[in-house]
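Me: Can you walk me through this one? I have the files open.
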Amino acid sequence: MDSHTVAAQTAETAHAEHEHPAFLRHHFESVEQQRESATFGMWLFLLTEIMFFGGLFCAYLIFRNWYYPAFVAGSHSLHLWAGTLNTTLLIISSFTMAMAVHASETRVRKALIGWMIATIILGSGFLCVKAYEWHDEWVEHHVPGLNFSPQGFLHGTKDYPDDKLSLDMAEKTQVYFSLYFAMTGMHALHMIIGVSLLTILLIQAWGGKYVEGHVAPIENFGLYWHFVDIVWIFLFPLLYLIRRHQ
Amino acid sequence: MPGPSEPTHHEEHIVSPKLYLVIGATLLIFTGITVGASLIDLPGDLNAVVALAIACIKMTLVVLFFMHVKYSSQLTKLTVAAGFFTFIVLITMTMTDYISRAWGRW
């Protein structure tokens with residue numbers, strides 16, 4: 001074919017030479033290879049995310065070793081019920097997301113849409129609880145750099161009378177709260193991005209996509225979602241469960 | 001055998017919803033155990049060790065089953081393993097510095 005013949009082709013005539021689903025891009029040999037490549041790429045991205053959060057976890061480890069009493073007192077000021085509820089919501093959302101991938105694989109449109117909506121609701125619920133918790137820390141003057149006051153840590157609390165700290169150790173609770181806001185903030189940002197992306201995918205699924213063999217976007221978004229869940233699975237015990245026995 | 005111009009063949013394995021349900025329930029049970037264990041006074045640093053050990057088990061279940069790594073190609077498995085290895089290097093090499101000269105600094 002010369003360039004004029006090529007240019008004159010329409011989508012239908014061009015593909016008469018090689019039938020393939022519309023979602024298979026031309027630089028891949030098969031749907032399977034395309035799917036595998038996309039998954040590989042998503043995992044590489046997740047590896048960078050592991051290193052990103054890893055740095056924060058490393059800082060946490062060092063400062064917890066240095067200022068342990070401050071970390072204990074800081075941890076006790078968080079609501080255990082909120083952390084446990086959030087962990088539960090995220091685990092269930094990982095289940096619903098896995099079911100959404102299954103619906104895409106088995107090509108059931110209604111199920112795909114239903115499970116995606118469930119995941120969005122659970123993720124949003126998590127963010128609501130988080131917003132309540134952050135507001136609570138603000139009210140209690142636990143926000144470093146904004147309204148922090150060590151006063152609350154100079155005397156013990158009703159549940160934890162031993163949480164009485166000296167003034168300089170009480171000031172160190174700012175390190176704990178800085179890490180708390182940085183780590184849960186980063187995590188919440190990932191949740192917000194996740195819920196937003198999932199909403200876009202939902203709208204596309206509503207229009208008929210992802211139930212005709214094109215599973216990769218749903219599957220790879222699922223990888224992202226599960227990763228964010230795993231980050232929280234570690235954040236929860238490290239932030240909420242320091243020396244919780246009374 | 002796949003040659004340079006043939007894509008590797010990887011069977012598409014669809015995990016059953018029943019297995020997802022079992023894994024999900026197991027994760028929730030482990031969450032309960034984590035909270036319960038945290039309320040018990042264990043000797044030394046055991047509370048932290050138990051909490052992190054359970055978190056590692058939960059992570060393994062999510063990675064293998066929810067993220068399909070158990071049923072994935074060698075390439076994917078290698079990539080995940082490489083990620084963990086690099087993360088371990090990040091933590092241990094940083095910590096060796098602090099442990100060797102600034103442990104319990106306060």
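Reply: A point on terms before the rest: helices here are DSSP runs of H or I with at least four residues, numbered from the N terminus. The model is predicted.

Me: OK. What follows helix 5 of chain A?
Reply: Arg107(A) follows that helix, and the phi of Arg107(A) is positive, near 60°.

Me: And how many residues does helix 5 of chain A have?
Reply: Helix 5 of chain A has 26 residues. From first C-alpha to last, helix 5 of chain A reaches 38 Å, close to the 38 Å expected at 1.5 Å a residue.

Me: Switching to the core. Which residues touch the most other members of the largest nonpolar core?
Reply: Ala100(A), Leu112(A) and Met116(A) do, in a core of 70 residues. Helices 3 to 8 of chain A and helices 1 and 2 of chain B each supply at least two residues of that core.

Me: Which helix gives the largest share of this core?
Reply: Helix 8 of chain A, with 17 residues.

Me: What does Leu112(A) touch, leaving out residues up to four places away in sequence?
Reply: Leu112(A) touches Ala100(A), Ala103(A), Ser104(A), Ala205(A), Tyr210(A) and Val211(A).

Me: Now the interface. How many residues of chain B are in contact with chain A?
Reply: 42 residues of chain B, against 43 residues of chain A. On the chain B side, helix 1 (17-38), helix 2 (46-66) and helix 3 (74-101) each give two or more residues. Helix 3 of chain B gives the most, with 12 residues.

Me: What is the make-up of that side by class?
Reply: The side of chain B that touches chain A has 26 nonpolar, 13 polar and three charged residues.

Technical notes. Residues numbered from 1 in each chain as written. Chains lettered and ligands numbered in written order. Predicted model: local features only at pLDDT ≥ 70, side-chain atom pairs only at ≥ 80, totals over all residues. Contact = placed C-beta atoms within 7 Å. Nonpolar A, V, L, I, M, F, W, Y, C, P; charged D, E, K, R; others polar. Core = buried A, V, L, I, M, F, W, Y, C linked by C-beta atoms within 7 Å. Buried ≥ 20, exposed ≤ 12 C-beta atoms within 10 Å, placed from the backbone. Expected span 1.5 Å × (residues − 1).
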